[in-house]
Amino acid sequence: MAPSLATIFTTLLALAPLGTFAHPLNVWRPTAEAGTSLGVFVSNPDATGVVPNSYIVVYHKNTTDDEVEAHQLSVKVAVKKRNLGKRGLNGQLLSTRVRTFAMSGWRAMALESDDLMMNDINNMAMVKYVEANTYVQALGLVNQINAPTGLVRLSHAKAGGSGYIFDDSAGEGITAYIVDTGIMTTHEDFQGRAIMGFNAVEEEQATDLNGHGSHVSGTIGGATFGVAKNVKLVGVKVLDANGGGTNADVIDGLNFVASNATKGKSVMNMSLGGTKSQALNDAIERLFSNGVVPVVAAGNEAQDAANVSPASSPNAITVGAIDQTNDRRASFSNFGAFVDVYAPGVNVESVGIANNTASQILSGTSMASPHIAGLAAYLMSLEGLTDATAVSDRIKALGGASGASVLRNVRNTTSVIANNGNL
């Protein structure tokens with residue numbers, strides 16, 4: 001039901017300067033030091049890689065849809081006028097764009113604003129928290145020159161096996177959403193099974209101009225390089241040609257997945273990361289609760305995955321990287337209690353974007369994560385798994401049954417190495 005004019009008028013009044021209305025402050029919110037660029041209202045004042053004047057607003061669950069829609073409408077009207085020609089902290093022109101998100105009862109919006117307006121928004125009773133938007137980055141490392149062995153490792157109990165052994169169902173009937181730099185859908189290895197579904201990078205074409213997303217997609221479902229060779233691949237572009245983006249862009253992509261994914265038939269891969277974000281983690285939790293299997297890279301900073309997002313999302317399958325030739329933890333791989341499983345992530349060959357037959361070799365937890373996303377699709381098709389928790393448990397069980405263990409691992413981190421059950 002559309003919001004009434006009275007409701008819209010009431011919400012517009014709430015955007016007046018502080019002092020003209022009486023909304024209670026949420027006293028739990030942290031306060032940044034005076035003079036900092038984050039103001040006093042954000043829930044992540046210690047965040048790094050902050051996007052100037054850019055924020056994610058998350059609403060309380062008990063706020064009605066009509067109230068949220070009325071508030072978002074009023075913000076859109078205000079921002080369109082207020083940001084026209086206005087410059088931010090770094091002299092950049094503020095955007096008049098407001099993006100809204102709704103995922104299984106989780107509601108949020110992203111916008112650029114001056115601190116005064118954001119303080120007003122933050123003080124509204126319907127707002128749970130305001131988070132400073134931060135940059136995220138693709139997690140691939142530098143090109144390598146050696147041939148890949150990731151698929152071989154996935155289907156053998158020990159390193160050094162020969163050939164990739166798999167059931168020819170190979171992900172049939174499952175859709176994988178790749179939240180990344182996009183997919184070059186014309187590449188021959190995709191066999192026409194790849195499409196571009198969404199593009200959050202407005203200034204770029206809806207294709208992969210970086211190569212990271214196509215490489216990841218090839219590992220998930222390419223005919224030559226893929227774990228699940230029959231899976232449908234959908235590109236969700238949230239990172240630009242340089243492999244960079246923001247949490248607002250990523251959540252925009254997740255909103256697309258939530259609106260389009262079929263429950264029990266969908267896997268999502270996120271080979272990206274940045275500073276810890278409660279908003280991003282919350283959005284992933286909503287996708288999980290809605291039957292999408294979320295698979296994420298642990299990160300490449302050789303630190304506890306608890307410090308970064310999306311790796312710290314509780315119900316995501318967080319993937320660390322091993323060198324598949326010797327089962328040693330990759331030196332760059334993040335670790336800790338949030339890591340669920342390890343997969344090949346060193347010298348992984350997959351799709352390149354130089355032409356429609358190109359390949360490239362990359363290393364990173366970005367390369368480990370799609371092995372697990374592909375494995376999830378493979379097991380969902382082969383064994384009829386539809387519950388995200390059941391998929392996660394099955395992946396851990398198959399890995400544990402192989403008897404393999406990560407060498408030179410970090411304490412309090414799983415040592416399970418992924419396996420497809422064809423020992």
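Helix α7 covers residues 278-289, which is 12 residues. From first C-alpha to last it reaches 16 Å, close to the 16 Å expected at 1.5 Å a residue. That expected span is 1.5 Å times one less than the number of residues. Helices here are DSSP runs of H or I with at least four residues, strands are E runs of at least two, and both are numbered from the N terminus.

A word on the source. This is a predicted model, where local features need pLDDT of at least 70, side-chain atom pairs count only at pLDDT 80 or more, and totals for chains, interfaces and linings use all residues. Residues are numbered from 1 along each chain as its sequence is written, and side-chain values use heavy atoms, with hydrogens and water left out.

Back to the helix. How many residues of α7 are buried? The count is 9 of the 12, so α7 is largely enclosed by the rest of the structure. Buried means under 20% relative accessible area, with a 1.4 Å probe and protein chains only. Among the buried ones are Asn281, Asp282 and Glu285, along with Leu287 and Phe288. Just after α7, Gly291 takes a positive phi of about 90°.

Now Ala283. It sits in α7. Its relative accessibility is 0%, so Ala283 counts as buried. What does Ala283 touch, leaving out residues up to four places away in sequence? Met103, Trp106 and Leu254. Contact means heavy atoms within 4.5 Å. Ser313 is 30 residues from Ala283 in sequence, and 9.2 Å from it in space, C-alpha to C-alpha.

Next, the pocket. The largest pocket has a volume of about 490 Å³. A pocket is an open set of points on a 1 Å grid over the protein atoms alone, where a 1.4 Å probe fits, with protein on both sides within 12 Å along at least five of seven lines. Volume is the space filled by probe spheres set on the points, joined across faces, edges and corners.

The lining has 25 residues; Arg97, Arg99, Glu112, Thr246 and Asp249 lie nearest the centre. Lining means an atom within 4 Å of a point. Strand β1 gives the most, 4 residues. Among the others supplying at least two are β3 and α6.

Last, the whole protein. It has 9 helices and 17 strands. Of its 423 residues, 58% count as buried. Among contacts between residues at least 6 apart in sequence, 75% join residues at least 24 apart.

Definitions and conventions: Buried < 20%, exposed > 50% of the residue type's maximum accessible area, 1.4 Å probe, protein only.
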